[in-house]
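Okay everyone, thanks for coming. Let me put the structure up on the screen and then we can walk through it together.

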Amino acid sequence: MIICVAVVGLQNNPLYIQSFTDGDDALKLHYIVHCSLDVIDERVNNPKKIGSTLNETYLGLLYPSENYKVYGYLTNTKVKFILVTTDEDLKDADVRSFFRQFHAAYVDAVSNPFHVPGKRITSRAFAERVSTIVRSFGTSTTI
Amino acid sequence: MAPLAPRSGDAVFANVERVNAELVTLTYGAIVRQLLTDFEEVEEVNKQLDQMGYNIGIRLIDEFLAKSNITRCVDFKETAEVIAKVGFKMFLGVTASVGNWDADGTECSLILEDNPLVDFVELPETCQGLYYCNVLCGVIRGALEMVSMKTEVRWVRDMLCGDDAYELKLKLLEQVPEEYPYKDDE
Amino acid sequence: MVREVSESCVDSVTMEMVAAYCGRFYANKQELAARRIEAIGYQVGLQLAERYTKERPRFADHLEAIKFICKDFWSELFKKQIDNLKTNHRGTFVLQDNRFRWLTRISLDSPLPTANGSPKESSTTSNDAKSAQAAGMHLYFPCGIIRGALTNLGVPCQVSAEVANLPACSFVIRIKG
């Protein structure tokens with residue numbers, strides 16, 4: 001189950017964060033998202049250590065913690081997407097598919113002429129679209 | 001030589017040079033945002049968008065007539081249909097429907113379900129009263145003026161403001177009779 | 001399915017935008033008009049960079065980003081690539097388009113309001129001069145687009161344009177920093 005998604009800007013400024021749990025763990029989720037930014041920076045600056053495909057937007061599993069798995073994605077415009085889940089066995093294809101849809105939603109949101117670059121995404125259409133993507137996560141693997 | 005038959009909106013659109021809609025969508029959006037910054041007043045921005053549309057309309061009419069093979073519309077009713085089915089299609093790739101005619105046939109509605117100008121657009125609260133697509137009113141007014149019809153065009157419904165469709169009111173104010181500069185009386 | 005509009009839509013909107021800013025809003029302050037037109041282009045460039053790089057790996061360096069502008073980006077916008085790319089290897093790049101689409105119409109018919117009569121009545125020389133001036137104003141928009149796109153791709157820069165022989169033109173990119 002996806003419990004949190006986040007969009008983080010160039011200066012590591014939060015652009016969007018939405019959690020999907022009933023619990024009161026906002027602080028913890030913010031902390032997890034924050035920690036994952038360092039992992040992303042590390043990975044992007046030292047790509048050879050990891051051996052993943054160079055400069056691919058999808059960064060894969062950033063780190064597993066006790067209860068969560070955190071995945072990352074970095075766009076060409078240096079915007080980071082973070083996905084926090086509680087699932088144990090995720091198919092890589094599902095995560096990739098999630099990020100692809102999420103990226104498309106993000107691109108449309110920042111195409112709104114009234115969106116201010118670098119500012120938080122306040123679009124209701126974006127929030128709804130994200131919720132839909134999150135709900136359908138893992139149900140249909142399309143490659 | 002017999003005049004060429006008028007073309008359908010689909011046929012005309014298929015034959016014009018087409019480009020990705022997002023360029024015009026984003027450009028128009030950036031213009032509206034810049035106008036809001038420059039003029040501050042929403043009313044003034046509506047006026048400028050209408051004016052820009054008017055200037056576009058008076059230029060586009062020639063291309064429209066040439067590519068659609070339309071020579072003359074019988075009356076205002078036919079004119080409205082042509083705008084909705086051929087005009088919108090030829091330039092924006094969408095068609096409108098015509099309805100709500102008044103009794104004397106001088107006022108009607110053009111109803112659009114969507115159009116490429118509004119893709120991705122969400123109006124902020126500070127933009128209340130803005131007719132985002134007001135350029136279209138001006139285009140129609142300008143184009144019709146070049147074929148001797150003085151009209152008034154305004155928005156009555158706007159999905160960006162929560163309405164269920166985009167609706168333009170098109171009112172014929174005056175049909176100027178064609179004037180020929182040189183009369184061949186005898 | 002990709003949504004399409006007629007090309008004359010794009011032409012009309014951009015030409016009228018330039019005419020409005022140069023001829024009406026800032027008729028006596030051409031520099032301000034130019035800055036506004038560039039700013040409109042900048043926003044469009046930012047957004048287009050976001051859209052057109054959606055399905056591709058990140059660029060490794062500035063050169064890759066500039067090559068992307070010359071090839072894919074230009075093709076999306078103008079259905080052709082930049083014809084020639086030159087660099088001094090010190091942060092300046094010159095992108096030459098031998099037939100820049102947005103200038104092909106302007107060379108035939110200047111949309112800017114002219115003070116005395118139509119351009120057709122004036123002499124060929126002043127006609128050319130007017131075309132060049134009009135072209136100059138129209139180029140602030142694509143300059144803004146390029147600057148916006150490259151800035152968003154992590155290449156902060158200044159962009160200017162030079163017209164030698166309509167409708168050919170060059171865009172000069174100077175990377176900041």
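This is a predicted model: local features need pLDDT of at least 70, side-chain atom pairs count only at pLDDT 80 or more; totals for chains, interfaces and linings use all residues.

For chain C, the mean pLDDT comes out at 87, with 84% of the residues at 70 or more. If you go through chain C by element, strand β3, residues 92-97, has the highest confidence with a mean of 97, while helix α5, residues 124-152, has the lowest at 82. There's also a stretch to be careful with: across residues 108-123 of chain C, pLDDT stays under 50, and the model has 19 contacts there beyond four places in sequence.

Okay, on to chain B. Five helices and five strands here, and if you follow them from the N terminus the order is α-β-α-α-α-β-β-α-β-β. The C-alpha atoms fill a box of roughly 65 × 35 × 30 Å along the principal axes. How does the radius of gyration of chain B sit against that of a compact globule? For 186 residues you'd expect a value near 16 Å, and chain B has 17 Å, so the two agree. As for burial, 42% of the 186 residues in chain B count as buried. And of the contacts in chain B with a separation of 6 or more, 63% are between residues 24 or more positions apart.

Now zoom in on helix α5 of chain B, residues 134-145. Its 12 residues should span 16 Å at 1.5 Å a residue, and the end C-alpha atoms are 17 Å apart, so that agrees too. Is this helix mostly covered or mostly open? Mostly covered: 11 of the 12 residues in α5(B) are buried. Among them are Val135(B), Leu136(B), Ile140(B) and also Arg141(B). And what does the covering? The list includes the helices α3 (42-68) and α4 (76-92) of chain B, plus the strands β4 (149-157) and β5 (166-175) of chain B.

Chain C puts 27 residues in contact with 28 residues of chain B. On the chain C side, the elements giving two or more residues are β1 (4-6), α1 (7-25), α2 (30-52) and α3 (62-78). Of these, α1(C) gives the most, with 12 residues. By class, that side of chain C has 14 nonpolar, six polar and seven charged residues.

Last stop, Val79(A). You'll find Val79(A) in the loop between β4 (69-74) and β5 (80-85) of chain A. Why does Val79(A) count as buried? Because 20 other C-beta atoms lie within 10 Å, and 20 is the cut-off. Beyond its neighbours within four places in sequence, Val79(A) is in contact with Val7(A), Gly9(A) and Leu10(A).

Technical notes:
Residues are numbered from 1 along each chain as its sequence is written. Chains are lettered from A and ligands numbered from 1 in the order in which they are written. Two residues are in contact if their C-beta atoms, placed from the backbone, lie within 7 Å. Helices (H or I, at least four residues) and strands (E, at least two) are DSSP runs, numbered from the N terminus. Ala, Val, Leu, Ile, Met, Phe, Trp, Tyr, Cys and Pro count as nonpolar, Asp, Glu, Lys and Arg as charged, and the others, Gly among them, as polar. pLDDT is the predictor's confidence in each residue, from 0 to 100. The radius of gyration is taken over C-alpha atoms; the globule rule is 2.2 Å times the number of residues to the power 0.38. The expected span of a helix is 1.5 Å times one less than its number of residues.
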